[in-house]
Amino acid sequence: MPQVANMTDVEEIGTAAGKVWSFLADNGPASLTKLTKNLDVSRELAMQAIGWLAREDKIEFEQAARGRLVRLK
């Protein structure tokens with residue numbers, strides 16, 4: 001049976017989403033690698049934060065020469 005996220009998990013993802021949003025606002029589009037490196041969060045948490053922001057329609061994705069970038073709308 002899958003484990004349900006507890007409030008601490010949800011709060012951690014929300015906090016990471018705020019960090020991602022702030023980083024993108026200050027620095028422009030970034031790759032997942034750049035986000036995880038600069039925000040000192042795990043790849044998994046960064047992906048969850050990006051999902052959170054995507055669900056809120058606050059980010060979009062663009063194709064770059066070396067992969068996909070995340071940017072604010």
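Me: Let me start from the cut-off: buried means under 20% relative accessible area, and exposed means over 50%. Which residues of H3 are buried?

Reply: The model is a predicted one. In H3, the buried residues are Leu45, Ala46, Ala49, Ile50 and Leu53. They cover an arc of only 140 degrees around the axis, so they are on the same side of H3.

Me: And what is exposed on the other side of H3?

Reply: Glu44 and Arg55 are exposed there.

Me: Where does H3 run, and what span should it have?

Reply: Helix H3 covers residues 43-55, which is 13 residues.

Me: What about H2? Which of its residues are buried?

Reply: Leu32, Leu35, Thr36 and Leu39 are buried in H2. Viewed down the axis of H2, these buried residues fall within an arc of 95 degrees, and therefore they line one face of the helix. Thr33 and Lys37, on the other side of H2, are exposed.

Me: How do H2 and H3 pack, then: at what angle, and how far apart are their axes?

Reply: Helix H2, residues 32-39, packs with H3 at an angle of about 115 degrees, and their axes are 10 Å apart. That angle makes H2 roughly perpendicular to H3, because angles of 65 to 115 degrees count as roughly perpendicular.

Me: Is that crossing left-handed or right-handed?

Reply: H2 passes H3 in a right-handed crossing.

Me: Moving on to the loops. What follows H2?

Reply: Asp40 follows H2, and its phi is positive, near 55 degrees. Asp40 has this positive phi although it is not a glycine. The residue lies in the loop between H2 and H3.

Me: Is Asp40 buried or exposed?

Reply: Asp40 counts as exposed, at 71% relative accessibility. The cut-off for exposed is over 50%, which is why a value of 71% qualifies.

Me: Which residue takes a positive phi just after H3?

Reply: Asp57 does, with a phi of about 60 degrees. Asp57 is not a glycine either, and it lies in the loop between H3 and E1. With a relative accessible area of 49%, Asp57 is partly exposed.

Me: New topic: salt bridges. How many are there in the whole structure?

Reply: A search of the whole structure finds four salt bridges.

Me: What does Asp57 pair with?

Reply: The side chains of Asp57 and Lys73 meet in a salt bridge, at 2.4 Å from N to O. This pair links distant parts of the chain, 16 residues apart: Asp57 is in the loop between H3 and strand E1 (59-64), and Lys73 is in the segment after strand E2 (67-72). Lys73 counts as exposed, at 56% relative accessibility.

Me: And what does Lys58 pair with?

Reply: Lys58 forms a salt bridge with Glu56, and their closest N and O atoms are 3.4 Å apart. Lys58 is partly exposed, with a relative accessible area of 38%. Glu56 is also partly exposed, at 39% relative accessibility.

Me: Which residue forms a salt bridge with Arg71?

Reply: Glu60 forms one with Arg71, and the closest N and O atoms are 2.9 Å apart. Arg71 lies in strand E2 and Glu60 in strand E1, so the pair ties together parts that are eleven residues apart in sequence.

Me: How accessible is Arg71, and how accessible is Glu60?

Reply: Arg71 counts as partly exposed, at 33% relative accessibility. Glu60 is partly exposed as well, with a relative accessible area of 27%.

Me: Which residues are linked in a network of salt bridges?

Reply: The network of salt bridges links Glu60, Glu62 and Arg71.

Me: One last thing: where is Ala64 placed, and how far is it from Ser31 in space?

Reply: Ala64 is in strand E1. Ala64 and Ser31 are 9.3 Å apart in space, C-alpha to C-alpha, while 33 residues separate them in sequence. Ala64 counts as partly exposed, at 28% relative accessibility.

Methods: Residues numbered from 1 in each chain as written. Predicted model: local features only at pLDDT ≥ 70, side-chain atom pairs only at ≥ 80, totals over all residues. Heavy atoms only, no water. Helix = DSSP H or I, 4+ residues; strand = E, 2+ residues; numbered from the N terminus. Expected span 1.5 Å × (residues − 1). Buried < 20%, exposed > 50% of the residue type's maximum accessible area, 1.4 Å probe, protein only. Arc of directions from axis to C-beta. Axes fitted to C-alpha atoms, helices over the stretch in contact; angles between N-to-C directions. Parallel < 35°, antiparallel > 145°, perpendicular 65-115°, else oblique. Left-handed = near helix turned anticlockwise from the far one by under 90°.
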